[in-house]
Amino acid sequence: MTVADVLLGVLLAGLTLYTLLAGADFGAGIWDLLAGGTRRGAARRELIAHSIGPVWEANHVWLILVITLFWTTFPPAFAAFASTLYIPLTLAALGIIGRGAAFAFRKASHTLVEQRLYGATFAISSLATPFFLGTIVGALASGRVPPGIAEGDIWRSWLNPTSIYAGLLAIGVCAYLAAVYLIHDARRANADDLVAQFRRRALATGVLVGAAAVAGLAVVAADAPDLFADLRGRALPLVLLSLAAGIVSLVLITTGRYRLVRVTAALAVAAVLWAWGAAQYPVLLSPDLTVAEAAGDPTVLTTVLVVLGVGALLLAPSLLWLFSIFQTSRRHADTSPLKRGT
Amino acid sequence: MLTELLAQDAVPADLMAARVQMALSLGWHIVIASFGVGMPAVTVFAEWRGLRTGDAVFTRLAKRWAKAMGVLFAVGAVSGTILSFEMGLLWPGLMGRFGDVIGLPFALEGIAFFVEAIFVGVYLYAWDKVPPRAHLFAGLPICVAGVASAFFVVSANAWMNQPRGFDLVSGEVTNVRPWEAMFNPATPPQTVHMIVAAFMVTGFGIASVYAVAMLRGRRDRYHRLGFAIPFTLAALLTPVQVVVGDWAAHFVAEYQPTKLAAMEGLAQTQAGAPLSLGGVYVDGELRYAVEVPNALSLLAKWDPDAVVMGLDQVPDDQEPPVTVVKWAFQLMVAIGFGLLGLSLWWALAWWRRRGPPRSPWFLRAAALAGIAAAVAVEAGWVVTEVGRQPWIVYGVLRTAEAVNPAPGLATGLALVAGVYLLLTVATVLVLVRMARHRDAPVAPQEGVPEPVDSPR
């Protein structure tokens, strides 16, 4: 195993964490969008804002880390990727601006009109961003980003059946993860009605997204037969792992194991990403750009790997502290925003 | 053949669109990022004074600034992300060849930014969840990481001015030495210049908000301190920045003489070169400028008779847009000296009377200083970026060779420009509203506006 392989693993791990953490933040925004009228949706919106407020920026940094590590580790692949896919990347970038800025602005504004405007921007961009990011994954997985600068079709590379499938799947996955995570958050806030609401949503999206993911494989089979063959071949154990974890999650939700289901739901999603990685390895860009060929200078790769290792020693305890502060502290019932004014 | 012609046709307009988009995104981000670098220190200082003295005014200021910092940090996080996307989607020719060479500072920046994001989460949302002392200490990593981020990112830009740490063997990049690339000769002057500038933008920027309030008659202790803390910081750094700026100029004179010639609009290589103020550079000569004899040689080389290289030594196809660079440079210097004067006024008043200047003109000038400092930073970036043209990597790679050849970049620019316009309007509105709204909570889910001066 080369340093480039290890860094590819780090990239995939970073992408997984981005999906599991920031994906859930986008999903929370989707539930905000679907929360209904101002009065009816207020409690749900407040739980969502409260859950993602302290952590979304840290969760977002995984994407920056993945992007910079991508160009450092595989410069020619990154150049091909970014130049061919510049349209969905620009759209995703605008979605990222809209989500992050509008969420902060809504928090800082006091009138209903402003809060509605920023809230709508936040929610709509929470829906759009995962879609575009999903189409980008679909473009890579279906082999539509050839090596070389802007060699691919700037439209059909990401507007094709596999990309649309991946984009919709990304939306579904984000919504599913958010619903699952929010059940426990609602329980910690002592909001029983919200627990029931997100429980229903987690079950519904779990069944829906799971079924759509499996049914959608027919699209992949027709549109990207090579990818499908690998998913059915060496990536099959991971596909089955995802399926199993998804089914277990449904059982855990119905039996009220709201903390444990976070792990299995995350596993169900992560295994999809890993299956993609396993299916494609060692080819980074179809048809023939491999990990070894695309890898940057070996000295740089080793240095960056060491730097990341040292950085992890700094980051891991900090991150655990951040999550522990907001996942363990129990707010006083009388100051809970979920109780106020209801 | 035909495709080649088409490609050539497509490039100039799209190259300009890509450059404008990059300038817009970078120019936007740099102002917000300056606050990201400087504001944590100012806020943590106020919090520390509040804890030490028990003076509630300091704590109120710290909470207010933390809230503004939360908005600015969120906006800065996303506008910075866009830049990392744009590095690839606008300049794949740069990233494909040199992505690994400049990868190290970006990996380090990623870690620093992570530290910042984590502790900002704690700092903004856990004010009442952790003990006061722990909260104060949670602010320190934000201060350190902000400065570190600025250092890493600017060192990558410095590399574009002084590309080092790799060998070119028949066009192939080999034998990369990442630390040498990161610590290239331009890194020390450029990073120090930018970090000091960030603190000045923060200091003058926050102070200008309170200057406006004081001009409107709100002169209680809250507003006086809200002005004095950031303004004093900026006033102390301004003379430092004049020295650092001189260092940076000497660096440019030695390492990037073309850029210096453009900054000064010096047409002919000559001994005892004059310093020219203003003017327009047309057809290889500078017109309508006021000249100070021998001053340029003296400033750039410490010798009034020294030879300074002019633009006549630069091949036509390697000449940057002179007038833009020259005016941007002079604007930056003029603002710098204006801010120096304002800082001296402040120092003099304290030295003479142990109090702030009494003239309303001081506050009027201070109210403008925040915008002026930000304009100076923009002008400085125009100098370093436009002054490097036509190179994206000085002497190694042309900007035109690095740009994404895909069609439609101009449309992308229009879209991005529209979003940034909305973002600007919204950011300004939110911050203005925030400055007017008194005693709002740090995080809205705290619900009721808490009595900020209550002992915890």
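1. Between the two chains, 59 residues of chain B are in contact with 62 residues of chain A, two residues being in contact if their C-beta atoms, placed from the backbone, lie within 7 Å. Helix 4 of chain B gives the largest share of the side of chain B that touches chain A, namely 16 residues, and by class that side has 38 nonpolar, 16 polar and five charged residues. Helices (H or I, at least four residues) and strands (E, at least two) are DSSP runs, numbered from the N terminus.

2. This is a predicted model, in which local features need pLDDT of at least 70 and side-chain atom pairs count only at pLDDT 80 or more, while totals for chains, interfaces and linings use all residues. Residues are numbered from 1 along each chain as its sequence is written, and chains are lettered from A and ligands numbered from 1 in the order in which they are written.

3. In chain A, the axes of helix 10 (residues 236-254) and helix 11 (residues 260-280) come within 8 Å and cross at roughly 165°, which makes helix 10 of chain A roughly antiparallel to helix 11 of chain A (a word used for angles over 145 degrees). Axes are lines fitted to C-alpha atoms, for helices over the stretch in contact, with angles from 0 to 180 degrees between N-to-C directions.

4. Val290(B) lies in strand 7 (residues 290-292) of chain B, and it counts as exposed because it has 10 C-beta neighbours inside 10 Å, the cut-off for exposed being 12 or fewer other C-beta atoms within 10 Å. Leaving aside residues up to four places away in sequence, Val290(B) touches Ser276(B), Leu277(B) and Gly278(B).

Methods: Ala, Val, Leu, Ile, Met, Phe, Trp, Tyr, Cys and Pro count as nonpolar, Asp, Glu, Lys and Arg as charged, and the others, Gly among them, as polar. Angles under 35 degrees count as roughly parallel, over 145 as roughly antiparallel, 65 to 115 as roughly perpendicular and the rest as oblique. A residue is buried if 20 or more other C-beta atoms lie within 10 Å of its own, exposed if 12 or fewer, and partly exposed in between; C-beta atoms are placed from the backbone.
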